[in-house]
Amino acid sequence: MVLKVFFPSCCSSADSGILIGHWISQQSSAVVLAVLHFPFIPVQVRKYLSEVQRATQVSISVLGSWTNSKQEKEESLSQFLEDLGTLFSHELWIQISKEGDSKFWSCSALQKCCSQRKEEEIILVYYEQRQVMLCHLHPPLHIAASAEQGAADASKLAAIFDTVAKSKVLFMTDRYDEGPIKLTHWQSDGVEASIIVELLKQASVPACMLLTFLLSLVSWICRSRVLKFWPLCFFWSKLSTCEQLGHRLQHLQVIISNKKAQNQPQLMRKANIFVSLLLDVALGLLLMSWLYRKNRIGHLADTLIPVGDHVAEELQELLQWLMGAPAGLKMNRALDQVLGRFFLYHIHLWISYIHLLSPFIEMILWYVALSACLGLTVALCILSDIIALLTFHIYCFYVYGARLYCLKIYGLASLWRLFRGKKWNVLRQRVDSCSYDLDQLFIGTLLFTILLFLLPTTALYYLVFTLLRLLVVIVQGLLHLLVDLINSLPLYSLLLRLCRSYRLAAGVKFRVLEQQDGKPLRLLMQINPLSYGSVVQTYRLPTYSCYPKDSWASLCKKLFLGELIYPWKHKGEKQD
Amino acid sequence: MEERQYRSASGAPIALRRRQHSASCRELAVRCPRLQLRSLSAVTSTVWLAAYGLFALSENSMVLSAAIFITLVGLIIYLHFVKVDQESLLVIGSLGIQVTSSYASGKESTTFIEMSQVKDVVINEAIHMQKVIYYLCILLQDPGDPQGVSEVVPLFQSSKPRLDCLIELYKSCQEILEQGRTDPQVE
């Protein structure tokens, strides 16, 4: 098999020494992690390597020799380097030598057991050590989905990335250390660290403890029995604001927990939640500062009552139109008047309640708008709830109309079956034939005729109120969509993809460098970053709302039959 | 390195360039026909004439600026996302196959498939619009089933070379793949 040597580009100008790294025998690849310089004592080298092996769980060994000679190659030096191979217990001894400033290195492999040169081809692959170490390789989604078995040999490149990532301990010694081992790797010029990051780490511990205490207090209050009384808990479950607040509370608990993130997806999740919360609160504060300026709350409160009045007047006009001859259709006068007056009375009640509340609206709004400091999502949820409360009468009308229409449709269907001499068998869930008595048939036919001729009136009322309800549902749906977007967008991952694209990799790409005959093939391995779509798909934060599972066809069927539609169901809510 | 002229499935002239970097590494690049100035000016003038007609009807100068903006944005989107300049295949025996598409704006989109996932490279037939064309594709190995194929990756989709060019590509790929098959790990 072709021998592949992965060489870090930071070691290209290192002084002569021996190569330290990991040998993957199944792929015949040697991953060089560092260059150990002369002079060294073999016993100490072996001791150091076994220590590193224990710490990193990666079997690191001496792979070969590296010569960086500024003058002509000497014959005795090559013999010395070959003899070095006998000191270390590795099957294959790789010798790489660079002359002067030449780009083209000569590379040879010596098989120790039979002491002969291998005649096969050698490929030299350069890689950027720091980037490969920090990078997280994402397998393609269809492989990740079916990764029960065979995941180990699914990707050979993942093994190389793993090797470099796990060898962090090896990169901790730099050239200013006083020990007997002198290494060259990407951090050999000095370990990098940031004062700000260290200070933040120190400050985060007491901050987390304080926040944990506050959070436990808040959740104790939430869980207390006071809030569990029936009317209150019914309200909390209906208001989307409480849903959103609970969701954010959960997020906070995830961030301030003391356990360190085990693996990369957990770390990304924590970071995404943190950035999303930060953005949310920042946007909320922006909104607050805009609202509280120039008495905008007062203006809003002043326009709210007239808008409510206007909506009620429009509804009243609509009902008057329905009670007359809408669109030229002829309604059944008695039923029309009954339904119309019933709905008009409801609107009258609603207007009275709104007018009762009108002196307090401004104060209520002022205090409610304070909660926008908890986040823009909370403000949007409050807006959605206010819309729901203001259009509650439309919801009531829709339910009345739908129930009436539904009863009528089911009655018609069952009486139609009676017409044809059939019956619905509840036990067998099918239509069976049945012989009816004469008086049963007579009453059934009468009722059928009555229901049939009253159908247009009921259907029209149902249609009008369903359309109104759908309008309100669409507006609320758009607000919830926006809230979901802010909740689930992985902003930290997107920023990382934008600024440090080597951290999120979909794969690698190879570039063929200049070649020279007789020298090994030179390739440059670069990281192929993940596309933005895959970043969003992989790191999306889970949200609490599930989108309607009904297809359009079943939605139309429900509308036709008069069944009540609930466009979105929150997870854990019971179906009506 | 050699370059030969062929034709694509729709009759446009394309060029195939072969480079042998080493015994087990070969690069095959197919260059698509460039963007014609003729078609570009034809589309631009049609759009601008239509916009001018709308302006004459509505007397709103926003129509003209909107037309210019749309033309510019459309051109940028076309060059960056649609117009492929060159498609290349880099076959490195024992490492894998790399498929690159370079767009007219300079963007390059690369996919690397490891050799262990590659089952074979074959020429397939497909129904495209109203024609039946040949195309080169990579068959990916199904990890669970040694005889199965998990995915088919079509190559050279924008340039769509004809069968004579595809046969050259197929022969070049198979030479490298066979080296890998007949020379497994000896140790």
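**Notes on a predicted two-chain model**

1. Let's start with the record. An unreviewed UniProt entry lists "transmembrane region" for residues 203-222, 273-292, 338-357, 364-391, 397-419, 440-464 and 470-495 of chain A. UniProt positions are given in the numbering used here, feature names are shortened, and annotations may be inferred rather than shown by experiment.

2. Some ground rules. This is a predicted model, where local features need pLDDT of at least 70 and side-chain atom pairs count only at pLDDT 80 or more, while totals for chains, interfaces and linings use all residues. Residues are numbered from 1 along each chain as its sequence is written, chains are lettered from A and ligands numbered from 1 in the order in which they are written, and side-chain values use heavy atoms, leaving out hydrogens and water.

3. Now two of those listed spans. Residues 397-419 of chain A are 100% helix and 0% strand, with end C-alpha atoms 32 Å apart. Residues 364-391 of chain A are 75% helix and 0% strand, and there the end C-alpha atoms lie 18 Å apart. Helices (H or I, at least four residues) and strands (E, at least two) are DSSP runs, numbered from the N terminus.

4. On to where the chains meet. Chain A puts 24 residues into the contact and chain B puts in 21; contact means heavy atoms within 4.5 Å. About 2,000 Å² is buried between them, 54% of it on carbon and sulfur atoms. That area is the accessible area (1.4 Å probe) the two parts lose on being put together, summed over both.

5. What about salt bridges across this interface? The rule finds zero, asking for a side-chain nitrogen of Lys or Arg within 4 Å of a carboxyl oxygen of Asp or Glu. On the side of chain B that touches chain A, strand 2 (13-22), strand 4 (84-92) and strand 6 (108-114) of chain B each give two or more residues. Strand 6 of chain B gives the most, with three.

6. Take a look at Ser28(A), in the loop between strand 2 (17-24) and strand 3 (29-37) of chain A. Ser28(A) counts as buried because its relative accessibility is 2%; buried means under 20% relative accessible area, exposed over 50%, partly exposed in between (1.4 Å probe, protein chains only). Leaving aside residues up to four places away in sequence, Ser28(A) touches Met1(A), Val2(A), Leu3(A), Lys4(A) and Trp23(A).

7. Finally, Arg181(B) sits in helix 3 (residues 163-182) of chain B. At 46% relative accessibility, Arg181(B) is partly exposed. Arg181(B) and Ser94(B) are 87 residues apart in sequence, yet 9.4 Å apart in space, C-alpha to C-alpha.
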